[in-house]
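User: I would like to learn how to read the features of a model. Please take me through them one at a time.

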Amino acid sequence: MDNFVLKVQGLSEYFTSHSTLADYEYVHQCHKFDKPVCLTLTDIKDLKRPLARTRIDDVNDCDFKYEDIAPSLKKDVISYESLNILLDTLEREIEKIKSSALKFESLDSLKPQGVVQAVKAICTLLSHVETSEITDTIAAFIQVCLLFDKTDDTDFDTLPELGNLGRTKETKEFEGDFLDMFRLLELSLSHLQHAVHDLLVMYAKAFRVNFAVEMHDVTYPEKMVTDFLDTPLFEVGIVHRLEPNIISAYDSYFLICEIHHG
């Protein structure tokens, strides 16, 4: 039996002969959630050893390049110049839509396409990364633009990613005056700018860039768990880089999390 080892079923984890079952977290998890401990008997010859040293390593132990250590760093570095062009475009589109909103009396509709496309261009440059905050703030911004729409027909559906938002005009319920609507527009644009800024901060930490992003110091009040009177809700911030075949095949996806205490 010296030629065999116990392997956790479905995982690349193996039990050694000089250890006990109580030494493994997997066994504790099974015991905690009342699940069976599933192990398989594996021949040592069938074990995969991707990190094991080979004869080629002995020959080329001194012949390696920087790219061999960090292959992901071979990607082109995003420069401040290329990013700044898109940020300036976003600023111009924001000012343009504000100017259009100020002409409310002679305005038929407020077009969100320019701002949305500018944000999408930034996400595309940043390795096609789009945070859930950007997705939500874009949707909120479009809903605000619908409040300014006086026409029966909209051309919002020229942006396929907007889904049915362009056809929800009849469901809007807003009876405020123009000043309230304009403040709401400014608020939605401010949230969108903050979402883009947070994406830049996150991206600059994870990928190579030749610029630094100023971080906002945000403090949140502390609250004891025992002081919660209502059901607490948790928002999980994520960064997703979906494959093109997934984007074309599915309308949405879900992240399910469970929190266990005790």
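**Reading the features**

Analyst: Tyr24 counts as buried, because its relative accessibility is 17%. Buried means under 20% relative accessible area, exposed over 50%, and partly exposed in between (1.4 Å probe, protein chains only). This is a predicted model: local features need pLDDT of at least 70, side-chain atom pairs count only at pLDDT 80 or more, and totals for chains, interfaces and linings use all residues. Residues are numbered from 1 along each chain as its sequence is written, and side-chain values use heavy atoms, with hydrogens and water left out.

User: How many aromatic pairs does a search of the whole structure find?

Analyst: A pair of aromatic rings is described by the distance of the centres and the angle of the planes. Rings of Phe, Tyr and Trp (its six-membered ring) pair if their centres lie within 6.5 Å; planes under 30 degrees apart count as stacked, over 60 as edge-to-face and the rest as tilted. The whole structure holds two aromatic pairs. One of them joins Phe15 and Tyr24, stacked at 3.9 Å centre to centre with 0 degrees between the planes. Phe15 is buried too, at 9% relative accessibility.

User: Which side chains meet in a salt bridge?

Analyst: A salt bridge is a side-chain nitrogen of Lys or Arg within 4 Å of a carboxyl oxygen of Asp or Glu. The search of the whole structure finds two. Lys96 and Glu93 form one, at 3.6 Å from N to O. Both lie in helix H4 (residues 80-102), three residues apart, about one turn of the helix. Helices (H or I, at least four residues) and strands (E, at least two) are DSSP runs, numbered from the N terminus. Glu93 is buried at 19% relative accessibility.

User: What does Glu130 form a salt bridge with?

Analyst: Its partner is Lys120, with the closest N and O atoms 3.1 Å apart. Glu130 lies in strand E4 (residues 130-131) and Lys120 in helix H5 (residues 113-125), so the pair ties together parts that are ten residues apart in sequence. Glu130 is buried, with a relative accessible area of 16%.

User: How many disulfides does the count come to?

Analyst: A disulfide is a pair of cysteine sulfur atoms within 2.5 Å. By this rule the count is zero. Cys123 is buried at 4% relative accessible area. Cys145 is buried at 0% relative accessibility.

User: Where is Ala195?

Analyst: Ala195 sits in helix H7 (residues 178-206). Ala195 is buried, with a relative accessible area of 5%. Ala195 and Ile134 are 61 residues apart in sequence, yet 5.4 Å apart in space, C-alpha to C-alpha.
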